[in-house]
Each structure stands twice: as structure tokens, then as C-alpha cells.
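Subject: Structure for your review

Hello,

Please find the structure below. My notes on what was found in it follow.

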Amino acid sequence: LFSSVELAPRDPILGLNEAFGADARADKVNLGVGVYYDAKGHVPLLRAVREAEKARLEAQLPRGYLPIDGIALYDAAVQTLLFGATSPLLADRRVVTAQALGGTGALKIGADFLKRLSPAAPVAISNPSWENHRALFENAGFTVQEYPYYDAATHGLNLDGMLNALSSLPAGAIVVLHACCHNPTGVDLTEADWARVIDVVRARGLVPFLDIAYQGFGDGIDADAAAVRMFADAGVSFFVASSFSKSFSLYGERVGALSIVTASHDEAVRVQSQLKRVIRTNYSNPPTHGAAVVSAVLNHEGLRATWEAELGQMRERIRAMRRGLVERLARAGDFGFIEDQRGMFSYSGLSSAQVDRLREEFGIYAVGTGRICVAALNDGNIDRVADAIATVVA
Ligand code: PLP
Ligand code: TYF
């Protein structure tokens with residue numbers, strides 16, 4: 001049966017993790033995978049999470065099935081975080097939200113749903129994008145193309161290239177957009193840039209699919225949702241895949257959501273019924289623990305304040321590391337763009353040969369494209385990392 005099965009290539013990022021694990025050097029540094037580490041180099045267990053988990057454990061709850069679209073209070077909390085508590089879309093009940101298996105699971109059920117709705121639509125993702133975007137939409141049966149995004153010469157956004165490409169897409173094309181903290185570049189659109197993208201989306205009749213996996217890691221919870229809220233105000237129908245993997249440090253619990261903005265409550269009811277059908281045939285219903293914890297935190301004033309403070313500390317620590325790296329690299333060149341980039345990642349501009357040298361000579365692991373996870377830097381490794389980068393770019 002399996003004699004002709006070929007060996008699949010490793011995920012370039014998760015494969016790097018395996019190589020890092022096997023490296024015996026004590027001073028190795030993993031700047032590969034997109035995970036937030038605290039100042040001591042550990043994946044944090046947030047205090048808000050710990051307190052909510054303790055209460056849940058003590059309550060000794062039964063383990064029944066959740067509804068197909070998850071915990072209702074969780075879905076409502078997701079909507080408030082994304083669209084804002086006073087959004088008229090929520091008052092009009094035009095948004096359908098389903099708890100999903102992380103941001104990845106949200107993209108997957110969104111892609112499957114769209115395939116039923118618009119089977120022939122092309123999908124456009126940014127160049128570059130998170131590797132899984134292409135794979136997820138191709139696996140759902142779509143043809144995936146790219147729109148220009150990153151400008152290597154300026155380490156910034158190629159807005160004209162992006163707008164031109166979007167303007168030439170056919171009506172109904174699906175456009176995957178990183179709402180904030182772009183993975184892998186760290187380069188985001190300004191609100192003025194978003195306004196221009198929204199103009200094209202409206203004029204061409206495109207279908208926006210926003211991916212927001214790092215809300216709160218850029219400039220704050222509300223500031224990072226600016227694009228989502230601008231699309232909401234624009235009166236278009238669109239999709240949002242969101243994740244709490246990073247913002248709650250709950251990677252392995254698989255906590256995310258898909259939200260679909262529709263034109264009316266009547267539409268929302270019909271869309272919800274079809275989305276539930278997609279979920280049923282994928283995994284019946286989602287797991288309880290992670291979403292129950294997030295819901296308990298977001299719906300409790302004290303725990304929510306604790307979480308917001310902890311998220312703020314993570315955000316500020318990343319920004320301090322960006323600043324620290326730029327300062328330490330000043331002798332090797334102008335790396336000021338690293339401080340302008342947002343979220344966990346930076347496209348450092350390092351070549352694949354320089355990334356190889358970092359790994360082989362210094363035990364510092366980065367993605368071959370030059371992407372580094374700034375959230376893996378700390379006071380104990382930043383000098384070594386800066387020295388090593390200065391050496392390989394010299
Ligand atoms: N989308 C982007 C852009 C990401 O970087 C990630 C990160 O893993 C995800 C989605 C998926 O997140 P999750 O781990 O919640 O599936
Ligand atoms: O880009 C990253 O590093 C994170 C983690 O297949 C990740 O988004 C990487 C690859 C993958 C799943 C998650």
C-alpha cells in the first residue's frame with residue numbers, strides 16, 4: 001500500500017526546530033519559529049491563564065461536547081476584541097463567529113466554506129507570506145497566486161505593487177491580508193495604506209480574508225485591529241481568522257476563531273448554518289479547555305485587566321529587543337528598519353548564506369529567508385546575536 005509513498009519535505013520553520021533541538025551547543029539561540037519567549041527564554045504561562053485554569057480545575061466540570069461553533073461567550077468575546085464593543089455590526093448581528101482550532105483551523109474552515117461558495121475564485125496571498133497560507137488554500141482546492149508586498153530595497157512596503165496587482169484581480173477573487181504584524185516581514189500597512197487597499201477591494205468586488213494572529217503584539221489591542229474595523233466600516237463582506245496562540249501564550253491548546261461579516265442578520269443565519277456543516281465534516285466540534293480559559297479571562301473584569309497588562313509587557317519587551325538590536329548593530333550598518341517593523345518578526349535582510357553561517361558558526365538559528373523572531377531575544381543572548389550578525393554581514 002505505501003511502497004510508492006514519497007517522503008514529504010519538512011516544514012521549513014518547524015523543521016528548523018528539530019535541527020535546533022539536536023544541536024548540542026549550550027549557547028545556541030532559536031530565532032526561527034514564531035513563539036514569544038520571556039526575558040528568561042521560556043514560553044510564558046500567563047497569570048490570567050493560570051488563575052482561570054485553577055478556577056476551572058476546582059469547578060470539576062463534566063466533559064460534554066461543545067456546540068459545533070464552540071462556546072457562545074467565547075465567540076462573543078472574540079467579536080468584541082476584533083470589531084470593538086460598540087460596533088454596529090455586532091448590534092445588527094451581522095457577524096458569524098465560530099471557535100476554531102487556532103488561527104490555522106480558522107483559515108481551514110474559511111477556505112473550505114469559500115470553496116463551496118466560489119469554487120473558481122483565485123486566491124491571492126502576499127509575497128512573501130506565512131508558508132501555510134498557500135498550502136491551506138491549495139489543499140482546499142484553490143489556485144493561489146501572489147501580490148507584491150515587501151520591498152527589499154527599502155525594507156518596507158511595496159504599496160504601489162500591491163495596489164496594482166489587486167486592481168488586476170477578477171471580481172470575486174479572494175485576497176488574504178495580514179491585519180497586523182505581518183509574518184514573515186514585520187512590515188505593516190498604515191491606516192492611509194489600508195484605506196487605499198479598501199478602495200480597490202470595493203471597486204473590484206474582491207473578497208478580503210483577514211488573518212490576525214498577533215493582535216496586541218504591534219501597537220495594542222485596538223490599534224492592531226484598525227484594519228479589521230476599517231473593513232467593517234467600509235460595508236463589505238469579509239472573513240477574519242484570529243488566534244489566541246500568541247496573545248494568550250496558549251499555542252498547544254489550539255484557540256482561534258473564524259468570523260464572517262455578512263450584509264444582514266438574515267444572511268448571517270444562513271451563512272452560519274453552512275459554516276457549521278463545514279465544521280461538522282472536519283472535526284464535529286472544537287475542544288473545550290483553551291477557549292473556556294480565554295472566555296473566562298475576557299469576560300471577567302479583573303482577569304481581563306491582568307491579561308491586558310501581561311500582553312502589554314510582552315509587546316514592550318519585543319519593542320525593547322528591537323531597539324537593543326538596532327543599537328548594537330549600528331557599527332555594522334543601518335538596521336533602523338528593524339525598529340519600524342511590528343510584531344514578532346523581522347525580515348533582517350540577511351542572505352541565506354549569512355543565515356547558514358549564523359547557524360554553523362554560532363548556533364544561531366534563523367529562517368533561510370532572513371526572518372528572525374525578535375521575541376526570542378533577551379538580555380542574555382542579544383549581545384551574542386548582534387556580534388554574530390555583525391560578523392556575518394561584515
Ligand atoms: N496566521 C499567521 C500569519 C501566523 O503567523 C500563524 C502562526 O502560527 C497562524 C496564522 C496560525 O496560528 P495558530 O497557531 O493559532 O494556528
Ligand atoms: O511562522 C511561524 O513561525 C509561526 C509558527 O507550519 C508556525 O506561525 C510555523 C509553521 C507552521 C505552523 C506554525
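Predicted model: local features only at pLDDT ≥ 70, side-chain atom pairs only at ≥ 80, totals over all residues.

Pairing of E2 and E10

Alanine 98 belongs to strand E2, where Val96, Ala98 and Ala100 point one way and Val95, Thr97 and Gln99 the other way. In general, side chains in a regular strand alternate between the two faces of the sheet. E2 pairs with E10 in the antiparallel sense, over 6 bridges. Another of the facing pairs is alanine 100 with glycine 256 in E10.

Is E2 buried or exposed? Of its 6 residues, 6 are buried, so E2 is largely enclosed by the rest of the structure. Buried here means that 20 or more other C-beta atoms lie within 10 Å of the residue's own. E10 is mostly covered as well, with 6 of its 6 residues buried. From E10, Gly256, Leu258 and Ile260 point one way, while Ala257, Ser259 and Val261 point the other way.

The sheet

Both strands belong to an open sheet of 7 strands with mixed pairing, in the order E2-E10-E9-E8-E7-E3-E4. Its edge strands are E2 (95-100) and E4 (144-148), each of which pairs on one side only. From one strand to the next, the twist averages 25°.

On to the pairing of E10 with E9. Strand E9 (residues 238-243) and strand E10 (residues 256-261) run antiparallel and are joined by 6 bridges. Valine 240 stands opposite serine 259 in E10, and phenylalanine 238 has valine 261 in E10 as its bridge partner.

Helix H11 (residues 265-283) packs on the sheet, where it touches E2 and E10. The direction of H11 makes about 20° with that of E2.

Ligand 1

Which residues surround ligand 1? They are Gly34, Gly102, Gly103, Thr104, Trp130, His178, Asn183, Asp211, Ala213, Ser243, Ser245 and Gly256. By class, this shell divides into 2 nonpolar, 9 polar and 1 charged. Helix H5 (residues 102-117) provides the largest share of the shell, 3 residues. Gly256 ties the ligand to the sheet described above: this glycine is in the shell and also stands opposite alanine 100.

The chain as a whole

The protein chain has 16 helices and 13 strands. Its radius of gyration is 21 Å, close to the 21 Å that the globule rule gives for 394 residues, so the chain is as compact as a globular protein of that length. The C-alpha trace spans about 60 × 55 × 55 Å along its principal axes. Buried residues make up 46% of the 394 residues. Among contacts with a separation of 6 or more, 75% are between residues 24 or more positions apart.

Regards

Notes. Residues numbered from 1 in each chain as written. Chains lettered and ligands numbered in written order. Helix = DSSP H or I, 4+ residues; strand = E, 2+ residues; numbered from the N terminus. Rg over C-alpha atoms; globule rule 2.2 N^0.38 Å. Buried ≥ 20, exposed ≤ 12 C-beta atoms within 10 Å, placed from the backbone. Contact = placed C-beta atoms within 7 Å. Pairing = 2+ DSSP bridges. Axes fitted to C-alpha atoms, helices over the stretch in contact; angles between N-to-C directions. Near = placed C-beta within 6 Å. Nonpolar A, V, L, I, M, F, W, Y, C, P; charged D, E, K, R; others polar.
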